[in-house]
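Dear colleague,

I am passing on a structure for you to look through, and below it I have written out what was found. Please keep the picture open beside the text as you read.

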Amino acid sequence: MANCFAPQLTFPSFAPRHVSPRMSHQSPKPSTSTTNKSIFTSATKLLWGPSLPPGLLISTARTAWTTVWQLMMTQLAPSDSSGSYTRPTSKFRLDPTQFPSAASSELHLYVGLPCPWAHRTVIVRALKGLNDAVTVSIASPGQDGSWEFKDNNIPIKDKDKLIPSLDKANRCRNLKEVYKSRTGGYDGRCTVPMLWDSRKKEVVCNESYDIIEFFNSGLNELARNADLDLSPPELKEMIQDWNQIVYPKVNNGVYRCGFAQSQEAYDGAVNELFSTLDEIEDHLGSNRYLCGERLTLADVCLFTTLIRFDPVYNVLFKCTKKKLVEYPNLYGYLRDMYQIPGVAATCDISAIMDGYYKTLFPLNASGIQPAISSSGDQESLLRPHNRDLVGKAVEAQLAV
């Protein structure tokens, strides 16, 4: 199901060293990392000179790394016997009968900015005008992969702009503490998004699609945009049809590529992903949105994968057959949605890249973050999209 989990991988962390002030005439001592590198370089030169390391060492290192990688991937990304990633199901599903009226609860949303599943919830929260009714805490990925809360003291001009924060509802240090504080405790996977009832001190839901459906129709008495319906009755069947395509083949499809633990699993996932993107590209040639001229929850679910595609999935998850920018209709569709009032404030490409490249150690052991491609920067996303002309062009063709 749709959520982002904390793998709880344990890696060494390094506290910042205290550096005392020096007089200007004093030469600074070399850093520990520089010293270690110098020792390592000297040792390698002594052992085998300018040549490559001996084959036995390379073979041993390869075997050791492969073993460690498989162990870490088992924690990070559970797989089936073929090596295909299998996403665990969400523990807490939403029961609408819990909410006879919105006034009976005090709702708080926990999210992480890198997570596409959490991103769905803050987009619908913004579009429906629920920012005041449902408060939010933004967790950040920790060194061990867990979600933790930090006070970043970042000044912002846009009050709706989302930035990492402290836990505003429970004052916990990390998301695991929040889950454990519920009645009866909890020792399972601590995922975002998570909807919390501050009055009852209970997890309401940690399944993203349940949450966005609830935000769309269950809190209209508190919503500023109550008339906006992202899942109208006449389109529900079409929305469901698109969800059954987009979720397994695109939303989860990119993860099945990145978390594949065999060549066979990767080949199957990447071929299915790009054949589906080709189909959506063709569909968007004559439809502004997935369900025609009306924005729906299906579009929200697709958007949060597309916004991450070129900066992250194309590189880190090996979704390399094409970049999104090579799909004219899909890339225009991405820009169209990004420019909807309220959506851009939920998107933080820098936080997204940090969350993937610096946290998913088994996929990027160096922690080096590539430059953002021009197709993923804000300037490109704000270029005119002309998607509003798509439906009109089709109507004109049919009228001839």
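Predicted model: local features only at pLDDT ≥ 70, side-chain atom pairs only at ≥ 80, totals over all residues.

Is E1 mostly covered or mostly open? It is mostly covered, since 6 of its 6 residues are buried, and this holds for both faces, with Leu107, Leu109 and Val111 buried on one side and His108, Tyr110 and Gly112 buried on the other. Helix H3, made of residues 116-127, lies across strands E1 and E2 and runs at about 135° to E1.

Stepping back to the whole sheet, you will find an open arrangement of 5 strands in the order E3-E2-E1-E4-E5, with mixed pairing. Strands E3 (147-148) and E5 (202-205) stand at the edges and have a single partner strand each, so one side of each is left without a neighbour in the sheet.

The partner of E5 is strand E4, residues 194-197, and the two pair in the antiparallel sense over 3 bridges. Within this pairing, Asp197 has Glu202 of E5 as its bridge partner. The side chain of Glu202 is also joined to that of Arg182 by a polar contact of 2.6 Å, and, leaving aside residues up to four places away in sequence, Glu202 touches Arg182, Thr183, Leu195, Trp196 and Asp197.

Helix H6 (residues 236-251) deserves a separate look: although it has 16 residues, its end C-alpha atoms are only 19 Å apart, short of the 22 Å that a straight helix would reach at 1.5 Å a residue. Its buried residues are Ile239, Trp242, Asn243, Val246, Val250 and Asn251, and what covers them includes H3 together with helices H5 (208-217), H7 (253-258), H8 (263-283) and H9 (297-313).

Finally, for the chain as a whole, the secondary structure comes to 13 helices and 5 strands, and 48% of the 400 residues count as buried. The chain exposes about 20,300 Å², of which carbon and sulfur atoms supply 55%.

With kind regards

Note on methods. Residues numbered from 1 in each chain as written. Heavy atoms only, no water. Pairing = 2+ DSSP bridges. Helix = DSSP H or I, 4+ residues; strand = E, 2+ residues; numbered from the N terminus. Contact = heavy atoms within 4.5 Å. Axes fitted to C-alpha atoms, helices over the stretch in contact; angles between N-to-C directions. Expected span 1.5 Å × (residues − 1). Buried < 20%, exposed > 50% of the residue type's maximum accessible area, 1.4 Å probe, protein only. Polar contact = N/O pair within 3.5 Å; in protein donor to acceptor, adjacent residues only side chain to side chain. Areas by Shrake-Rupley, 256 points an atom, 1.4 Å probe, with all protein chains shown as cover.
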